[in-house]
Structure formats: C-alpha cells, structure tokens
Amino acid sequence: MLNLTDTNPWMIVLLYVLTIFILLITLTIHELGHFTFAKTFKVNVKEFSIGIGPRLFSKINKKGIKISVRLIPLAAYVMLDSLQLREIYADDKKDKNYAFMMKKKPKGTFLLEQVATWKYMLIMFGGVLFNLVLFAILIGPTIALCRHYGIPDFNPFTSLIESFKEIGYNMVFLGDGDISGQMGAIATSGYWGLILLTSLLMMNLITFIFNLIPLPPLDGWKIVSKTYRQLHHKPVNEKLETALTIIGLIIIFWIFVSGIICDFIN
C-alpha cells in the first residue's frame, strides 16, 4: 500500500501529477457546463480545449467546433463566438487564426451577445453548476468510503474551510507544508482510491465556490458585469475591468505558485 508520508521524491512527484490530473478533470467538467448551455441556447462554439498553451492536437468536427488538447494541463476553456472575439481579430488579417475566428457562423446559431440575458447568465453559471452536480453525485459514496476506511468524521465543508485557510497561509508564506486536518488524515491513510475520490470531491466544491468570486476572469465577474450592464445600460469601465483582470490573474497565479513554494521550503 502506497503512503503519502513516504519521503521518496518519486512519491512527491506522483502526488503533484495526481493533483494536476484531478484539477484538469474538474476544470474540464466545469467547461463542459458552459459548453452544454451554450449549445442548448444555440450559441456558436468555436473551440473546446483541454489544457492551455501550445496545441498538441486539434480537430474540427462536423459542426465546425475545434476540439483541442494543449500542452499545459492546468486549465481548460470553451471559446464562444462573440462580437468581442471578432473585434479582436477584425483588424489583423495576417493572424494565422483570422480565417477560423472570422468564419461565418452556422445558420441558426447566435453570437454570445445576441442571446437573452437569462440565457447568458445560465451559460456563465453552467460551469459551476456542473461542478456542484458532480459534487452532489460524489458526496454520498465518498462519505461511505471514508467510513469504510475508518475515517467516520469526514465533512467536506469542514475540509473546505481548512483548504481555504491553508491557501491563505501559503500565500503569505506561513504554511508549514504539513498535511493536516481531515484531508491530511485521508492522505496519510495511504488508500489511493479514497485519496482520489475525496480530492475530486473537494476540487469540485472549491472550484464551485472560487469561480463565484466577482473578480475577472472568473465566472462571478461575468455575471456581475452583465448585471451592471443591464441595470445601468452601459458596460463596466474598461480601465477598471482591465485593472481587476490583472489583479485576478496575479492572485490565481500566486495561489498556485505559493503553495508549491511552501511545500518545497518545508
């Protein structure tokens, strides 16, 4: 039986690989939610990508959607056809993606801005909804498996608080690198099936909560931004949105990097 308390460096590498794998599954499920609602409301979908960065593989299916697998497995995304997207490429005919991005949308489909507000909101909320649904599906079997392996007090919401505390400590370099709390008990149990299931459960819960934060580029901001436009009949100030986007990207990047740094320091 493998144990995460093993100091073998290959065990540490394996732990990070599994974490990235679970993250990729969670984010792919998230993007599948956006995709499903976009297709339901006939919004033209340009691309569904698993991973980000340089493209390893891509294929355009019969409906004109590019399915891609990219090098960096830390995210996934759905590219929806929109006026904003077309404006980016309109003046750059030399760009290698110009023809694909400016291609006429299929008959009977819409640009993102052309659908009703409530449909737009559901498309934006679809990602976290799929994460919540998967969490609801997994919570029963996960608790049952925890009890089977002698961890009867597992509570995902308690673990959620512990996880956010750990993220906060890591961001200011106060994390001690130790595996503690409920997830620590599960991790050090050495039962990999249990570790994978609880990690997937918690990753979907964390993604659900995190993506509702009203900070770009998260879904919560897109919902707030659309609501502001509807109430005030004008978009959010462009300079403010740009500044908030930079701040949001820095925070997301720092959450990942600080956690890794604290683990290696300790």
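Contact here means heavy atoms within 4.5 Å. Helices (H or I, at least four residues) and strands (E, at least two) are DSSP runs, numbered from the N terminus.

## Model and conventions

This is a predicted model in which local features need pLDDT of at least 70 and side-chain atom pairs count only at pLDDT 80 or more, whereas totals for chains, interfaces and linings use all residues. Residues are numbered from 1 along each chain as its sequence is written, and side-chain values use heavy atoms, with hydrogens and water left out.

## Overall architecture

The protein chain has nine helices and two strands. From the N terminus on, the order of these elements is α-β-β-α-α-α-α-α-α-α-α. Along the principal axes, the C-alpha atoms fill a box of roughly 55 × 40 × 35 Å.

Of the 266 residues in the protein chain, 38% are buried (buried means under 20% relative accessible area, exposed over 50%, partly exposed in between, with a 1.4 Å probe and protein chains only). Among contacts between residues at least 6 apart in sequence, 66% join residues at least 24 apart.

## Nonpolar cores

A nonpolar core is a set of buried Ala, Val, Leu, Ile, Met, Phe, Trp, Tyr and Cys residues joined through side-chain atoms within 4.5 Å. The largest such core has 23 residues, and those with the most contacts inside it are Cys 146, Phe 154, Ile 186 and Met 202. Helix H1 (9–40), helix H4 (117–148), helix H6 (181–187) and helix H7 (192–211) each supply at least two residues of this core. H7 gives the most, with nine residues. Apart from this core lies another, of 16 residues, among them Phe 41, Val 78, Tyr 120 and Met 124. In soluble globular proteins, nonpolar side chains tend to be buried together.

Not counting residues up to four places away in sequence, Cys 146 touches Ile 151, Pro 152, Phe 154, Ile 186, Leu 194 and Thr 198. Ser 159, with the same exclusion of residues up to four places away, touches Phe 154, Gln 182, Met 183 and Met 202. Ser 159 belongs to helix H5 (residues 156–171) and counts as buried because its relative accessibility is 0%.

## Packing of H5 against H9

The axes of H5 and helix H9 (residues 238–265) come within 8 Å and cross at roughly 85°. H5 is therefore roughly perpendicular to H9. Axes are lines fitted to C-alpha atoms, for helices over the stretch in contact, and angles run from 0 to 180 degrees between N-to-C directions. Angles under 35 degrees count as roughly parallel, over 145 as roughly antiparallel, 65 to 115 as roughly perpendicular and the rest as oblique.

On the H5 side, Ile 167, Asn 170 and Met 171 meet Ile 251, Trp 254, Ile 255, Ser 258, Gly 259 and Cys 262 of H9. By class, this contact has six nonpolar, three polar and no charged residues (Ala, Val, Leu, Ile, Met, Phe, Trp, Tyr, Cys and Pro count as nonpolar, Asp, Glu, Lys and Arg as charged, and the others, Gly among them, as polar).

## Salt bridges

A salt bridge is a side-chain nitrogen of Lys or Arg within 4 Å of a carboxyl oxygen of Asp or Glu. By this rule the count comes to two. One pairs Glu 47 with Arg 70, the closest N and O atoms being 2.9 Å apart. Glu 47 lies in strand S1 (residues 45–60) and Arg 70 in strand S2 (residues 66–80), so the pair ties together parts that are 23 residues apart in sequence. Glu 47 is buried, with a relative accessible area of 2%, and Arg 70 counts as buried at 13% relative accessibility.

Arg 86 forms a salt bridge with Asp 81, where the closest N and O atoms are 2.8 Å apart. Both Arg 86 and Asp 81 are buried.

## Backbone geometry in loops

Most residues other than glycine have a negative phi, and most peptide bonds are trans. Lys 42, in the loop between H1 and S1, has a positive phi of about 60° although it is not a glycine. Lys 42 is partly exposed, with a relative accessible area of 49%. Phe 173, in the loop between H5 and H6, also has a positive phi of about 60° and is partly exposed at 42% relative accessible area.

A cis peptide bond joins Pro 216 and Pro 217, with omega about 10°. Pro 217 is placed in the loop between H7 and helix H8 (219–232).
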